Amino acid sequence: MRTRSHLAMSALGVIARYEQWLPVTAATPRITLGEGATPCVPSRVIGERLGLGSLHFKYEGLNPTGSFKDRGMVVAVAKAIEAGAQAVICASTGNTSASAAAYAARFGLRAGVVIPSGGIASSKLLQAQVHGATVLAIPGGFDTALRLVREVCDRSPVTLVNSVNPFRIEGQKTAAFEIVDDLGDAPDVLAIPVGNAGNITAYWRGFREYHVAGRSTLLPRMIGGQADGAAPLVRGAPVAEPATVASAIRIGNPASWESAVAARDESEGLIDSVSDADILDAQSRLARLEGVFCEPASATSLAVLEKSVASGAVAPGAHVVCVLTGHGLKDPLAAATRVDPPQEVAADVAAVTAALGLG
Ligand code: F0G
């Protein structure tokens, strides 16, 4: 259950809560939809099985639009309003577009989103539509969509709110602050999915800023997870046709490539890839053993952590935080591949009792 102080923090939102750490001025509107202040859920089963000192899940699916994107979006939209913008645009694998659409709707901007046709999860598409964004589906993947919207922004008066917008990264670093504020120090290891690579960049910045300011005694090793079929940072080269069940991270040429590699190397961490089966298994374990439902891309962080423990790259006893970037309800079709259909039973007590094994 959330505490009173958590409720108060999310009512503040990340701009008001962390304004001294953010590039805001007196003229920046203190807007919020209640993003941030997400819980660090302690693992009940998995951490112990892995032999870790502790394991927490930073449950970012509990943000207003169901993903971590809201932290960066609120800052990007506030700065856009401050600059007098009337419209925002983004390319997206789904969550950025859902977040942009919601914040634009709330704060009176027009939103345009460009998505890979047929390439994003159904709930994310619906979010952009229901908030009134103009949704354009293009042939090609996320990388093509991002190239396109960058060119549009060069020509037209519209603000780009992908994570190449520096205010997005600034807002997203607040998740690292919250981890330190909640746990009392930085963990030894942060496990995080990597797609366009903005978020690993943001966490690393947040941890460093808090460390420099004396708010934490250590810096975590950053362990990034990609899907085998969409692992440009692991291969060291762009992937022309990225393929994975984790559609949120189906990205072949991440925009924040250099800063992700810097986060990995400066933190003495690693970026590795895992199979789609491992991702779906990890998603299922989180749901069944921990009661935490995240989308497939998010479960990549647990899958890569498990792989790293097995290989010895993460030592027993380590204190780990695993970032779960988006809610499981974002992508019902992916999760549905791993569950049993409901049992059809007669509407009588004997049949229900027998089917429940209570007979
Ligand atoms: N997890 C989820 C649920 C995401 O939606 C994304 C990215 C990532 C992880 C990876 O984060 O790109 O900062 O490395 N989604 C973007 C989008 C690309 O358009 O919604 P990243």
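A polar contact is a pair of N or O atoms within 3.5 Å. The views below show a predicted model.

View 1. A backbone N or O atom of glycine 195 is placed 2.8 Å from an oxygen atom of the ligand. Threonine 93 also takes part through its backbone, where a polar atom is 2.8 Å from a ligand oxygen atom. For glycine 198, the distance between a polar backbone atom and an oxygen atom of the ligand is 3.2 Å. The protein buries 98% of the 470 Å² that the ligand exposes when taken alone. There are 20 residues around the ligand, of which Ser92, Asn95, Asn196, Ala197 and Thr325 come nearest.

View 2. Arg17, Lys58, Glu60, Arg71 and Glu178 are linked by salt bridges into a network. Arginine 17 pairs with glutamate 178, with 3.5 Å between the closest N and O atoms. Because arginine 17 belongs to helix α1 (residues 4–17) and glutamate 178 to helix α8 (residues 174–183), this pair ties together parts that are 161 residues apart in sequence. Glutamate 178 also meets lysine 58 in a salt bridge, at 2.7 Å from N to O. That pair links helix α8, which holds glutamate 178, to strand β2 (residues 54–59), which holds lysine 58; the two residues are 120 apart. Glutamate 178 counts as buried because its relative accessibility is 1%, and lysine 58 counts as buried at 0%. Arginine 17 is buried as well.

**View 3. The salt bridge between glutamate 170 and lysine 173.** The side chains of these two residues, glutamate 170 and lysine 173, form a salt bridge with an N to O distance of 2.6 Å. Both glutamate 170 and lysine 173 are buried. The structure holds 15 salt bridges.

View 4. Glutamate 306 is part of helix α13, which spans residues 296–311. With a relative accessible area of 18%, glutamate 306 is buried, since the cut-off for buried is under 20%. Leaving aside residues up to four places away in sequence, glutamate 306 touches Ile46, Leu50, Ala282 and Arg285.

**View 5. A nonpolar surface patch that includes valine 345.** Val345, Val352, Leu356 and Leu358 make up this patch on the surface, and together they have about 370 Å² of accessible area. Valine 345 is located in the loop between α14 (332–336) and α15 (349–355). Its relative accessible area is 41%, so valine 345 is partly exposed.

Terms used
Residues numbered from 1 in each chain as written. Predicted model: local features only at pLDDT ≥ 70, side-chain atom pairs only at ≥ 80, totals over all residues. Heavy atoms only, no water. Patch = residues over 30% accessible without salt bridge, like charges linked within 9 Å, V, L, I, M, F, W, Y side chains within 5 Å. Areas by Shrake-Rupley, 256 points an atom, 1.4 Å probe, with all protein chains shown as cover. Salt bridge = Lys/Arg side-chain N within 4 Å of Asp/Glu carboxyl O. Helix = DSSP H or I, 4+ residues; strand = E, 2+ residues; numbered from the N terminus. Buried < 20%, exposed > 50% of the residue type's maximum accessible area, 1.4 Å probe, protein only. Near = heavy atom within 4 Å. Polar contact = N/O pair within 3.5 Å; in protein donor to acceptor, adjacent residues only side chain to side chain. Contact = heavy atoms within 4.5 Å.
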